[in-house]
Amino acid sequence: MKTSLVEIFKVGLGPSSSHTVGPMKAARHFLGLAPAETARFEGHLFGSLALTGKGHATDRAVLLGMQGETPEGVDVGRVAELLEAIDPQRFSVHFHNDEWMPEHPNGMKLRALDAEGMCLREQAYYSVGGGTIRLAGEDTETRETPETPHPYGCADELLRLGEEKNLPIWRIGLENELAWRPQAEIDEWLERIWRVMQECVEHGLGTQGTLPGGLQVHRRARSLAAALDPQDGLSPLDWVQAFALAVNEENAAGGRVVTAPTNGAAGIVPAMALYYQRFVKGADHEGIRRFLLTAAVLGQLYKENASISGAEVGCQGEVGVACSMAAGGLVAARGGSNRRIEKAAEIGMEHHLGLTCDPIGGLVQIPCIERNALGAAQAILAARLAINESREGHKVSLDKVIKTMLTTGRDMQSIYKETSQGGLAVNVAVC
Ligand code: SF4
C-alpha cells in the first residue's frame, strides 16, 4: 500500500474534503511555487469543482489557501472575517463550468501574475478525494514510499498475511505505519482524531438553527437527541443517527470535522465509535484504537484499489466506503476475527453499490446529512450480521465488491457524480 493510514483520517474543515480541503491545500502549496514578484493570484476551477464549487465553498477555500491558511490550522470561527479582509484585486477565483481537465473530474489551475497581468507561473492540480491533492502529470504509482514489514495489495492478501503471521488487521496496519512514522506520532494522531471526532459530535449536538447556503435546512441533531427515550429498545440506533447528524451538520456549517474518509461521509465513523463506547459492554480505549486502525486499513484498500471521490464514483465511494470502514471497525473493536471484519466491510459496501451523488444546490446537505445517519445505522447491522452468523465465509469477497464499486462508478453518467446536474439536484427545487 502506498497510502499511509494518516491519509485516511485527517482533521479538516467543512463542507467537503475534495472540494474544500483539497483545493485549500493546493492553493497553500502553490504559494510556495509563486515567484517573489507575484502581484496577483488566480484560481481556476474546472469540472465538478466548478459545477458544485459554490455550494461546496471551493472558492472560499482557495482564497484562504492563498493567504497561507491550512484546513487543520484555520480558525473556523474567523473564516468570514478572514475572507472579508482579502483584497479582490489581488486574489480571485474563476469557475469554468463547461470545461473538464483530463486526469480527474476535480481539476484546478493556479496562476501567479505580475502587475501587468503576465503569467509568471501556472500549476495544475487534481483533488482526488478525501482531501488528497495530486499535481498534474504526477505518477503516484512510482511515488517513493517506505518499505513496510507486511506488504499487501488487496483484502485477500491482507487476510492471508493475518493468517500466516497470526496478526489482527489493526496490528498489521499499525506495524506498517511504523515504517512511515514513530509510535509516538501514531499515538498522537489517533488521540487527536478521536478527540476532534468527539468535540465535533458534542458541538453538533449542542447547536441549533439553520444551515448556511440558502436551502433553509434546519439542524436537527440537538432536538433529536433531546427527545430520545432511554426506555425505547431501539434508542442506541437513534443515538447513532443523532451522532452522525451532528457531525454532518457541523460539516455543512463549515465547522471542524475529521475527514473520514471524506467530509461528505464524515459522520459515520465517529457515530460508530461513539456507539461502541456508549452501548457495547466491555468497551474500552483499546477498542477505540482497534476500531480506528482497522477502519483506516479498510479505507486504504478503497483509496488504492478504487476511489473515495464522489466526483469519480458517486456517493458509493463516500458514504458506502465510510459504512464499510465503520462496519469492519466495529467488528475489530469487539474482538472479531479478520474474516468477520472483511465480511462486515463487504456487506457495508455491497448494499451501497450504485449510490449516486446528487447534492441539491451543490450543498453538502441534502441528501448528504441524512444519508450519514442511515449509513451509520446500516454499518451496525452489517457488523452484527457478520458477527452473529455461524459461518465466517461468504460468496462475495471485499475485493470483488471494491472492484464492482469502481466499475459501477465508471459506468455512471457524470450527472450523478458530484455535478448537481441529475437526480435530486434537478428534481427538487432550491428555494
Ligand atoms: S451525495 Fe454523497 S458523495 Fe455527494 S456530496 Fe453528498 S455525501 Fe458527498
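Two residues are in contact when their heavy atoms lie within 4.5 Å. The legends below apply to a predicted model.

Figure 1. Val319 belongs to helix H13, which covers residues 319-333. Leaving aside residues up to four places away in sequence, Val319 touches Ala265, Ile268, His352, Leu355, Arg371 and Asn372. The relative accessibility of Val319 is 1%, so this residue counts as buried, the limit for that class being under 20%.

**Figure 2. Val319 and Ile387.** Along the chain, Val319 and Ile387 are 68 residues apart. Their C-alpha atoms are separated by 22 Å.

Figure 3. The ligand sits in the largest cavity. Around the ligand are Gly264, Cys315, Glu318, Cys357, Cys368 and Arg371. By class, the residues of this shell comprise 3 nonpolar, 1 polar and 2 charged. Arg371, one of the residues around the ligand, is also among the residues that Val319 touches.

Figure 4. The chain contains 17 helices and 7 strands. Its C-alpha atoms fill a box of roughly 70 × 50 × 40 Å along the principal axes. Of the 431 residues in the chain, 57% are buried. Among contacts with a separation of 6 or more, 77% join residues 24 or more positions apart.

Methods:
Residues numbered from 1 in each chain as written. Predicted model: local features only at pLDDT ≥ 70, side-chain atom pairs only at ≥ 80, totals over all residues. Heavy atoms only, no water. Near = heavy atom within 4 Å. 1 Å grid on protein atoms, 1.4 Å probe; cavity = no way out; pocket = protein on both sides within 12 Å on 5 of 7 lines; lining within 4 Å. Sits in = over half its atoms within 2 Å of the grid points. Nonpolar A, V, L, I, M, F, W, Y, C, P; charged D, E, K, R; others polar. Helix = DSSP H or I, 4+ residues; strand = E, 2+ residues; numbered from the N terminus. Buried < 20%, exposed > 50% of the residue type's maximum accessible area, 1.4 Å probe, protein only.
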